[in-house]
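Reader: Please set out how the secondary-structure elements of this model are arranged.

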Amino acid sequence: MLAKDRYLRLYDLHSWIGILFGFFIYLVAFTGTVALFYEEIKPWEDPSKRLQYFKERVVIQGKLEAFIDEHKSKGELVINRFIFPTESAPYYRIRSSVSDDNDKSETIEEKWHSSTLELLPDRKYGLSLWLRNIHRNLMLPSKIGGALVGISGILMLVLTITGILSHGRIVTDFFKLRFKRSKRLKWQDSHKVLGIFGLPFTIMISFTGALLGVVVILAPIAATIAFQGNTEMLKAEIT
């Protein structure tokens, strides 16, 4: 009797999370799927990025020095990322951050032509950025939106775990497709088979999403306790 009650509670929890938060989880998951092709979508929506890919490298040192000289007067300059041209993104990319005396940080990102090193115009807004920002923070302030997206990962992980625990015959259900029976059984069997088939991916995606969400929520608390609220020191210590 206790086992049956536990099964029913897990089944109800699984059902209600799916009903109440299914669309929200789907929105985050769908935009994340499309955002995987961020670099491939950008040339499609921005003609200035449709360039020929050159395998030969040009001398980049002078351009880098000019970039540093131009921006270091604003404060402490840190180059976060420098990427050589690829077939999907045939241009040099540099991303840096500048911090002034008041600890205000500004992000600077530039793209240069792979053969002439000409500065390419940057279209900041488009479908690719819109989809990526929805997946990352729901177009909200980064801390709030990031926490909400992380909560969607936690909910998805709970859905996955309760789905596994509430299926006592998970192996045999994988081979059960009663399409010639009632509509309810047809949808029920399809849900089970698709859920079991995608289980490794669902566990990985939900676990990493939940982990990122917990980090967004707990990082300010940990920084307050250990580093007097300095999240940058916390990041440096972890990395």
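**Helix packing and sheet**

Author: Ile134, His135, Arg136 and Asn137 of helix 4 meet Ser142, Gly145, Gly146 and Val149 of helix 5, contact being heavy atoms within 4.5 Å. The model is predicted, with pLDDT of at least 70 needed for local features and 80 or more for side-chain atom pairs, while totals for chains, interfaces and linings use all residues. Residues are numbered from 1 along each chain as its sequence is written, and side-chain values use heavy atoms, without hydrogens and water.

Reader: How are helix 4 and helix 5 oriented to each other?

Author: The axes of helix 4 (residues 127–137) and helix 5 (residues 142–165) come within 6 Å and cross at roughly 75°. Axes are lines fitted to C-alpha atoms, for helices over the stretch in contact, with angles from 0 to 180 degrees between N-to-C directions. Angles of 65 to 115 degrees count as roughly perpendicular. Helix 4 and helix 5 are therefore roughly perpendicular.

Reader: Which strands stand at the edges of the open sheet?

Author: The open sheet has three strands in the order 1-2-3, with antiparallel pairing; strands are DSSP runs of E with at least two residues, helices runs of H or I with at least four, numbered from the N terminus. Two strands pair if DSSP finds at least two bridges between them. Each edge strand has a single partner, so one side of each lacks a neighbour in the sheet; these are strand 1 (76–83) and strand 3 (105–113).

Reader: Which residue in strand 3 stands opposite Ser96?

Author: Strand 2 (residues 91–99) and strand 3 pair in the antiparallel sense over nine bridges. Opposite Ser96 stands Ile108.

Note on methods
Angles under 35 degrees count as roughly parallel, over 145 as roughly antiparallel, 65 to 115 as roughly perpendicular and the rest as oblique.
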